[in-house]
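Dear colleague,

I am handing over the structure we spoke about, and I would be grateful if you looked through it slowly before reading my notes, which follow it.

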Amino acid sequence: MKKFESNQDITAEKKLLHDFCTYYKYEGTKLPQWEIDYLVHRQGKAIGFVEIKNYTSTFDKYDRGMLSLIKLNKMISSHKYLPTLLLMSWACGTKGWIGLDDIKGEIKWGGRKPRDGSANDMEFVIYFPKTSVLLFK
């Protein structure tokens with residue numbers, strides 16, 4: 001399957017994790033062998049797992065967040081071991097997170113306009129209210 005993650009996407013992901021870890025005084029480690037993006041820890045003690053989602057829209061454009069069920073299932077698998085959260089940023093610079101237990105909403109078929117070579121631009125997603133998202137600077 002074709003990979004669509006650009007260097008700009010990876011840089012944005014790293015910056016968001018850095019900002020989160022700085023704000024909450026954690027450290028983050030990329031987990032290439034896992035299906036989840038990062039492990040956050042403090043002084044060698046694992047705190048939890050983090051999945052990252054960078055939205056291309058502004059925070060106020062939609063009243064809900066969207067996450068693929070594929071990613072949600074990966075988060076559920078990781079949550080068996082440690083708390084797991086979704087860390088998000090929006091094009092306007094807003095940043096926030098939501099714990100797995102708070103991702104509740106409506107499941108629908110959705111996504112983005114399909115790109116050549118993509119098998120999952122349109123897929124089942126969960127829409128959750130953004131009122132459940134905790135914002136940080």
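**Salt bridges**

At 12% relative accessibility, Asp37 counts as buried, where buried means under 20% relative accessible area, exposed means over 50%, and partly exposed lies in between, with a 1.4 Å probe and the protein chains only. Before going further, please note that this is a predicted model, in which local features need pLDDT of at least 70 and side-chain atom pairs count only at pLDDT 80 or more, while totals for chains, interfaces and linings use all residues. Residues are numbered from 1 along each chain as its sequence is written, and side-chain values use heavy atoms, with hydrogens and water left out.

Asp37 forms a salt bridge with Lys30, their closest N and O atoms being 3.8 Å apart; a salt bridge is a side-chain nitrogen of Lys or Arg within 4 Å of a carboxyl oxygen of Asp or Glu. The structure holds six salt bridges. Another of them joins the side chains of Lys95 and Asp19 at 3.1 Å, N to O. Because Lys95 lies in strand S6 and Asp19 in helix H1, this pair ties together parts that are 76 residues apart in sequence; helices (H or I, at least four residues) and strands (E, at least two) are DSSP runs, numbered from the N terminus. Lys95 is buried at a relative accessible area of 16%, and Asp19 is buried as well, at 14%. The side chains of Glu106 and Lys108 also meet in a salt bridge, at 3.9 Å from N to O, and here Glu106 is partly exposed at 42% and Lys108 is partly exposed at 35%. Salt bridges that share partners join Glu13, Lys30 and Asp37 into one network.

Arg42 lies in strand S2, residues 38–42, and is partly exposed, with a relative accessible area of 36%. Leaving aside residues up to four places away in sequence, Arg42 touches Tyr24, Lys25, Tyr26 and Ile47, a contact being heavy atoms within 4.5 Å. The side chain of Arg42 reaches the backbone oxygen of Lys25 at 3.0 Å. Lys25 itself sits in the loop between H1 and strand S1 (27–30), is exposed at 64%, and has a positive phi of about 60 degrees although it is not a glycine. Gln43, in the loop between S2 and S3, likewise has a positive phi, near 50 degrees, and is exposed, with a relative accessible area of 77%.

**Helix H2**

Which residues of helix H2 (residues 69–79) are buried? They are Leu69, Leu72, Met75 and Ser78, and what covers them includes S3, strand S4 (64–68), S5, strand S7 (106–111) and strand S8 (122–129).

**The second largest pocket**

Phe20, Tyr24, Tyr26 and Trp97 are among the residues that line the second largest pocket. A pocket is found on a 1 Å grid over the protein atoms alone, as an open set of points where a 1.4 Å probe fits, with protein on both sides within 12 Å along at least five of seven lines, and lining residues have an atom within 4 Å of a point. The elements that give two or more residues to this lining are helix H1 (7–24), strand S3 (45–54), strand S5 (84–89) and strand S6 (95–99).

Definitions and conventions. Polar contact = N/O pair within 3.5 Å; in protein donor to acceptor, adjacent residues only side chain to side chain.
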